[in-house]
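This briefing covers a helix pair and a sheet with its packing helices. Please have the sequence and coordinates open while reading.

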Amino acid sequence: MSAILQIENVTAGYSADIDILRGLSLNVRKSSVTGLVGLNGAGKSTVMKSIFGFLRPRVGRILFDEQDITHGRPHELASKGLWLIPQDGGLFDYMSVETNLRLPIETRRAVNGLSRAEIDRRVADVMEQFPILQEKRRQLATRLSGGQRKLLEFGIAHVQRPTLCLIDEPSIGLAPKVAEEVFAHISTLAKTGTSVLLVDHNIRKVIEVASYVYVLTLGTVSAEGESSVFQTDLHGQVKEWLGINY
Amino acid sequence: MLSSMLVSGLITGTFYALMALGLTMIFGVLRIVNFAHGEFYMIGGFAYVLLYHNLGVPIAVALPAAVLAGGTLGWIVEKLLIRPIYAEFGGRQQGRDEYAIIVTFALSILLIAAMTKIVGPWSLQGPRLIDGPPLLLAGVRVSPHQIAALGIALAFLFGTLYLLNYSLWGRQIRAVAQNRSAAAVMGVDVGKVSTIVFATAGGLAALAGALLSNMISPSPDVGAFPAIKSYVIIVLGGLGSPLGALIGGLLLGVIESLGAIYISFSYRDTYGLALLVLVLLLRPNGLFGETRREV
Amino acid sequence: MASRVSSLRRPAAPTSRTQLLVALAILAALAPLPSLGLEIYWQGVVITSLYYALLASNWNLLAGYTGLFSLAPAGFAMLGAYVTALLWTYAGVEPWLGIPAGAIVCAIVGLVIGVLTLRLSGPYLALTTLALAEILRVIVLNSFDITRGEIGLQVPALFAHQSSYYYMFLVAVGGFLIGLHWLLGQPCGLYLRAIRNDETGARARGVRTVFWKVFAFSVSSGLSGLAGALFAHYVIIVSPSIGHLLVTGLVMSMVVLGGMGTLLGPLVGALLVNVSSEYLRAAGDYQHIVFPIVVILFARFCREGLVGRAAMIFNARVGTQARSGAKATEVLASP
Ligand SMILES: Nc1ncnc2c1ncn2[C@@H]1O[C@H](COP(=O)(O)OP(=O)(O)OP(=O)(O)O)[C@@H](O)[C@H]1O
Ligand SMILES: [Mg+2]
């Protein structure tokens, strides 16, 4: 299966003398979910930031659809079809739910040339898919609960129809039922043609929705494989990947 | 008497608001206070006066040129001095505040001193926009020039507020103010927005300086008080709130003009400080502070 | 609370007294100059430099050690000067009472401003002190009947000879630096530096951050007032120019040039800036153009200042590691 995103031997960090990612290589497959798991502080969020241009890799390169985006800046990547649902705070708190849904796509309209009718249609679609957003469309995002916020972030991602969506810890702090819903939306994204790179601490769920899984340890890939391989002996595997080094 | 004081207070307040609006936009987007804001005002005043008097440029050209001068200065300052802090400090607010205060305050002194070197320490009166006999407006004698200046100020003030609230451009600026990284993810070039905001703020302050240059003749240090008043106003209105800047500006104008008759005329510049103390005491987040995010 | 801050109560990290010793050595080297025949004019320049060194060290206590930015060091100096001048003019109060009164008034004003602004997070202190400094000046200028506006008030001299002032300011600066060094070694000094480095973290560990910030600001305001009052009785005429924002600009350049958060920096900066100001003034009043440029360049490219940079080089020689610039400054930020 061909890869939509290729990370090749990337080294990156926040200050000059400390590398957080150390020679990291991984691929994200087209139209499916790729999982990335690891302990707290392993560098999962740092991978996301490096892909999206918030952090410049010191070594290595990143290819998106065979195009080099290693030194791309965040706003340029957005128009190429990348999207990010960050670990926390992906919303504009003092704008209404509806503005949160519309502003990103309107911003990209200028670059990607979508028609207004198309935008209206996508927003209406999402409102239908997420009844809670329809109900609260005039409220400020800051008035939403944690779960509603996450759903809004997924709604926004759906509106974009991105080629590749990076999702960082979507289930953190959510009630199990809402978390289920969130993972269902991730599967939907993949089914509608979006490739997903998913980071989460709920390893069982990651393996369930992902087709391929990477384990990140101290900034490098320490294990990888088809998720079907892991499903058989999850407990033992997890122990081996994560227990061994600590 | 009261109504005429109200009117004259509102007129002054409009010009205050014009300056404060830019300052509060800068704070909203960059989370820093520009301590050289008064010098944007000063540059605008001098550009207008000097172009007209020394180069014989007509007013219709000198006024836009003054706005352009302030905008260009804002542009350069942001690119040269403010931009680097985002690369260097990342998320650390402390280091960024430190740098921003030191650099903008030093810039303020530099601009005052440089202007003194160039044109001397004197003040130069600016030309009227239009001539004509004074009119009566709600019992206040105002010259056609004042009305024209007020009209232009109002147009720019409400034009900017309108764009901020209803245009895509303005909503993107607000998006950057509310969530820098989310704005970048959706495709907004946050660096460019910061530069544009600084340039806009510079242009608005310069416009105020040019429009007032007939009533308050520009001298190199003329910006100090307009700047201090805008600081009071943005705290009063809520740091980063454009609407707060408008209401705060008008309020300060009215309070000063009431204080000028009922308390003392020569101390009118000090009422702002009293107001500032009251705000800090009673409503530290400002009138529109509830929309302020925690940093 | 005591148990929660116990980790902060450890003795201050082992730091060099070198800076204090160098500072005292500079002061000691300056001491014999009047008797060696330093001209009266240059004695005056040194006296002003030492006055500035007091203001600069004071500002450094706030900006360099606590992370607070006041734009009123000159404003408080002016306030202190006017308190003693007004007391003398209208109540015949002698300087030895008027000078401490000036310091106390400034400390109280600083306390009020501190309580108002330092509870809040944000740039409120800088905004308020700037407004205060300029508005105090307007009040003084406009209250002509009381303050004689720009002409100023006459106050009595403390000494008959200029060299006496020279020694007084030498002692004042030396005393201040020794006191600051001592203070920074106390738990309180540790709290201040903790606040500068990470205020939220400090609060989470039980440091009463608002209390200590207000304390630092009030003390520093009082000491600026004291310096201003002393200076008033040296120049004999108290005028609003003492409190001009340009003076604040000079004070800032001294600290940034010398090194923020270093004990020695402000003294070195004050001497360098004030002495070279003499030449720049003679060359045509270029000091207010040159120093802001220096400040901007240092803020951009040499945040640790001259003393900070020198200490980095020194430490590297001695073998102490100073890996990244930021780390080195933190190390130097200790007394
Ligand atoms: N802005 C930053 N500046 C400096 N260091 C950072 C920054 N963000 C993260 N780090 C460091 O980088 C390392 C990796 O962090 P990262 O956030 O990528 O971990 P993570 O795998 O996402 O962990 P978690 O599961 O807790 O979200 C950590 O050691 C962290 O301390
Ligand atoms: Mg993370």
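In this predicted model, helix 7 of chain C meets helix 10 of chain C through C:Q162, C:Y165, C:M168, C:F169 and C:F176 on the helix 7 side, and through C:L223, C:L230, C:F231, C:H233 and C:Y234 on the helix 10 side. The residues of this contact comprise eight nonpolar, two polar and no charged.

**Helix pair in chain C**
- Helix 7 spans residues 162–185 and helix 10 spans residues 209–235 of chain C; their axes lie 11 Å apart.
- The packing angle of these two helices of chain C is about 170 degrees, which makes helix 7 of chain C roughly antiparallel to helix 10 of chain C, since angles over 145 degrees count as such.

**Sheet in chain A**
- Six strands of chain A form an open sheet in the order 6-7-8-3-9-10, and the pairing is mixed.
- Strand 6 (82–85) and strand 10 (220–226) of chain A are the edge strands, each pairing on one side only.
- On average, neighbouring strands of this sheet are turned by 15 degrees against each other, direction ignored.
- Strand 6 and strand 7 (residues 164–168) of chain A run parallel and are joined by four bridges.
- A:W83 has A:C165 in strand 7 of chain A as its bridge partner.

**Helices on the sheet**
- Helix 6 (residues 146–160) of chain A packs on the sheet and touches strand 6 and strand 7 of chain A. The direction of helix 6 makes about 175 degrees with that of strand 6 of chain A.
- Helix 7 (residues 176–191) of chain A lies across strand 3 (33–38), strand 7 and strand 8 (195–199) of chain A. This helix of chain A runs at about 150 degrees to strand 8 of chain A.

Key. Residues numbered from 1 in each chain as written. Chains lettered and ligands numbered in written order. Predicted model: local features only at pLDDT ≥ 70, side-chain atom pairs only at ≥ 80, totals over all residues. Heavy atoms only, no water. Axes fitted to C-alpha atoms, helices over the stretch in contact; angles between N-to-C directions. Parallel < 35°, antiparallel > 145°, perpendicular 65-115°, else oblique. Contact = heavy atoms within 4.5 Å. Nonpolar A, V, L, I, M, F, W, Y, C, P; charged D, E, K, R; others polar. Pairing = 2+ DSSP bridges.
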